[in-house]
Amino acid sequence: ADALDRDGICRAVVESVAENTGDAVVGALIWGAVAGPAGVAVYRAANTLDAMVGQRSERYAEFGWAAARLDDALSWPGARLGAALAVALAPAVGGSPAAAWRVLRRDGAAHPSPNAGRLEAAFAGALGVRLGGPLSYGGRPELRPELGDGPAPGTEAVRRATMLSLAVGIAAAGLCAGARA
């Protein structure tokens with residue numbers, strides 16, 4: 001965080017909230033609806049394993065790729081449902097479903113992650129902000145594609161992103177509970 005200015009920190013927070021809405025909330029709810037508590041446990045174990053060893057590093061080259069691919073596969077439905085709900089619920093944070101859908105369709109696949117990009121693009125469109133750009137990941141500089149059309153997110157976008165995440169989580173809980181019943 002020492003290298004980030006206020007806008008960089010706000011951008012990182014919005015990106016993290018968007019991605020974690022899919023990983024920690026919607027994905028877990030889906031796997032709970034599909035396979036009960038065991039489904040949640042397996043899903044969260046795969047997600048955590050990816051976070052621990054899935055990064056591209058020499059140390060985990062022989063094992064990390066498998067953790068990352070398993071997490072990608074298990075996170076696929078949660079990312080798509082989460083992105084769809086973010087589009088539908090954009091008005092809850094003063095956004096436009098049409099703008100969120102446009103950004104999701106245009107930019108969601110540009111992200112290096114097959115799942116995080118969908119949620120980040122949907123959130124960017126719903127919030128009317130631009131995510132992506134230069135960052136440091138594991139000490140290595142990267143240039144991520146830009147997602148969205150608006151200005152860089154500020155503190156108000158962080159507040160709205162957390163509200164959108166909460167709305168997506170509530171809607172996903174209702175849908176998954178209904179599907180489980």
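Is Cys-10 buried or exposed? In this predicted model, Cys-10 is buried, with a relative accessible area of 5%. Cys-176 counts as buried too, at 9% relative accessibility. As for disulfides, the structure holds 0.

Now for the core. The largest nonpolar core has 34 residues, and the members that touch the most others are Val-14, Phe-123, Leu-127 and Leu-164. Helices α1, α2 (64–88), α3 (97–107), α4 (116–127) and α5 (155–180) each give two or more residues to this core. In soluble globular proteins, nonpolar side chains tend to be buried together.

Take Val-14 and skip its neighbours within four places in sequence: Val-14 is then in contact with Leu-127, Leu-131, Pro-153, Ala-157, Val-158 and Ala-161.

Next up is Glu-15, which sits in helix α1 (residues 6–53). Glu-15 has a relative accessible area of 11%, so it falls under the 20% cut-off and is buried. Setting aside residues up to four places away in sequence, Glu-15 touches Glu-120, Leu-131 and Gly-132.

Helix α1 also holds Ile-9. Because its relative accessible area is 38%, between the 20% and 50% cut-offs, Ile-9 is partly exposed. Together with Leu-4 and Val-13, Ile-9 forms a nonpolar patch on the surface, and the three share about 210 Å² of accessible area.

Here are the accessibility values side by side:

| Residue | Relative accessible area | Class |
|---|---|---|
| Cys-10 | 5% | buried |
| Cys-176 | 9% | buried |
| Glu-15 | 11% | buried |
| Ile-9 | 38% | partly exposed |

Notes:
Residues are numbered from 1 along each chain as its sequence is written. This is a predicted model: local features need pLDDT of at least 70, side-chain atom pairs count only at pLDDT 80 or more; totals for chains, interfaces and linings use all residues. Side-chain values use heavy atoms; hydrogens and water are left out. Helices (H or I, at least four residues) and strands (E, at least two) are DSSP runs, numbered from the N terminus. Buried means under 20% relative accessible area, exposed over 50%, partly exposed in between (1.4 Å probe, protein chains only). Contact means heavy atoms within 4.5 Å. Patches are made of residues with over 30% relative accessible area and no salt bridge: like charges are joined within 9 Å, nonpolar side chains (Val, Leu, Ile, Met, Phe, Trp, Tyr) within 5 Å. Accessible areas come from the Shrake-Rupley method with a 1.4 Å probe; for residues, only the protein chains shown count as cover. A salt bridge is a side-chain nitrogen of Lys or Arg within 4 Å of a carboxyl oxygen of Asp or Glu. A nonpolar core is a set of buried Ala, Val, Leu, Ile, Met, Phe, Trp, Tyr and Cys residues joined through side-chain atoms within 4.5 Å. A disulfide is a pair of cysteine sulfur atoms within 2.5 Å.
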